[in-house]
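Me: Can you walk me through this one? I want strand pairing first, then the rings.
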Amino acid sequence: MKEKIDELLSEVAAFKAENNEQLEDFRIKLLGSKGKIKALFVDFKNVPNEQKKEVGQLINTLKVKAQDKLDEFKSKLAGGDHTSANDMDLTRTATPVKLGSRHPISIVRNEIIDIFARIGFTVSEGPEVEDDWHNFSALNFPPEHPARDMQDTFFVESEEGDMALRTHTSSVQVRIMENTAPPIRTLSPGRVYRNEAISARAHCFFHQVEGLYIAENVSFADLKQTLMYFAKEMFGEKTKIRLRPSYFPFTEPSAEMDVSCSVCSGKGCNVCKYTRYLEIMGCGMVDPNVLENCGIDSKKYTGFAFGMGVERIAMLKYKVNDLRLYSEGDVRFLEQFKAAF
Ligand code: DAH
């Protein structure tokens, strides 16, 4: 047995492959499932016990050397001249493939999600074609209420009743509240629709990221601190925030949040129209009616919610001056975000 192993060791040491066929032959003969090394392992059971350790080690050395040899020639042949037709990939293009870039909306959406993920927010998604309950009624917009005028949309007739293209991703928050017991801490990113004439400042679809936090003893101070953290992460450490009273049917109290203008650092410029602040989102404490509509005990739990338009944040971050650019697919526009991954 030992002589046989010695013989094979010298065979391995002397081996040289000139092409892939020879290398494959070598592999099958030595390392294949019916190869010589396998045969040694089979014969191994006949080796007297006192020699088992030594012979076992020798076989293992042989196996390692054969494998090393195989690897050595594999990389030599791959890097050297391609003698075999199998080495050529005839399906590869002759010209290099041009790499695309991420869309600015995706870049900014991912950044928002990243910032909130660091303080424990998960991501939840829902349908773009929604029923009246999830988009309006559960959120305290009764039928015929004038608040619905702020969010006119496109209606779709279907067998399950009339549906609408969702006007905000607050509808996803309703779905989450209906199906999850608090504490809830989630972000709902997605595309939303409004019946608006298309212009530089408005579009019939855009993207939002909305956030929801529901637990015991959540207060307005928690909302303010969370949004301040977000503003500083997104626009820089020196950013200041300002909350102005506002109205949304689903939050009480409600506010609009402004951030100090990142273009002029709050000195006044034509981007902030000399107001030193820019409005970036709506927010507030979730109205107890909304909690009850979704089966959450409003005596035990409180929560806050906020929602922002991704296009708006991207406009401020990259100084984009026309909303239509985002959906025109013009490569000259999109190429400018190559480095911004
Ligand atoms: N859904 C609102 C909109 O689309 C934005 C918003 C305001 C969302 C306040 C919220 C909120 O979650 O609390 O205009």
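Reply: Terms first. Two strands pair if DSSP finds at least two bridges between them. Helices (H or I, at least four residues) and strands (E, at least two) are DSSP runs, numbered from the N terminus. This is a predicted model: local features need pLDDT of at least 70, side-chain atom pairs count only at pLDDT 80 or more, and totals for chains, interfaces and linings use all residues. Residues are numbered from 1 along each chain as its sequence is written, and side-chain values use heavy atoms, with hydrogens and water left out.

Me: OK. Which residue is the bridge partner of E130 in strand 4?
Reply: A164. Strand 2 pairs with strand 4 (residues 163–165) over 3 bridges, in the antiparallel sense.

Me: What order do the strands take in that open sheet?
Reply: The order is 2-4-3, with 3 strands and antiparallel pairing.

Me: Which strands stand at the edges?
Reply: Strand 2 (129–131) and strand 3 (155–156). Each has a single partner strand, so one side of each is left without a neighbour in the sheet.

Me: Switching to rings. How many aromatic pairs does the structure hold?
Reply: 14. Rings of Phe, Tyr and Trp (its six-membered ring) pair if their centres lie within 6.5 Å; planes under 30 degrees apart count as stacked, over 60 as edge-to-face and the rest as tilted.

Me: Why is the pair of F15 and F73 edge-to-face?
Reply: Their planes are at 70 degrees, so the pair gets that label; the centres are 6.0 Å apart. The pair links distant parts of the chain, 58 residues apart. F15 is in the loop between helix 1 (2–14) and helix 2 (20–31), and F73 is in helix 4 (residues 49–79).

Me: Is F15 buried or exposed?
Reply: Buried, at 16% relative accessible area. F73 is buried too, at 8%. The cut-offs: buried is under 20%, exposed over 50%, partly exposed in between (1.4 Å probe, protein chains only).

Me: And what about Y213 and F304?
Reply: Edge-to-face, 5.4 Å centre to centre, 75 degrees between the planes. Y213 is in strand 6 (residues 205–215) and F304 in strand 10 (residues 302–309), 91 residues apart. F304 is buried at 0%. Y213 is partly exposed at 22%.

Me: Which residues form the aromatic cluster?
Reply: F116, F121, Y213, F230, F304 and F306.

Me: Last topic. Which ring does the charged end of R191 sit over?
Reply: The ring of F205, 5.1 Å from its centre. K52 lies over the face of F44, at 5.6 Å from the ring centre. The test is NZ of Lys or CZ of Arg within 6 Å of the ring centre and within 35 degrees of the ring normal.
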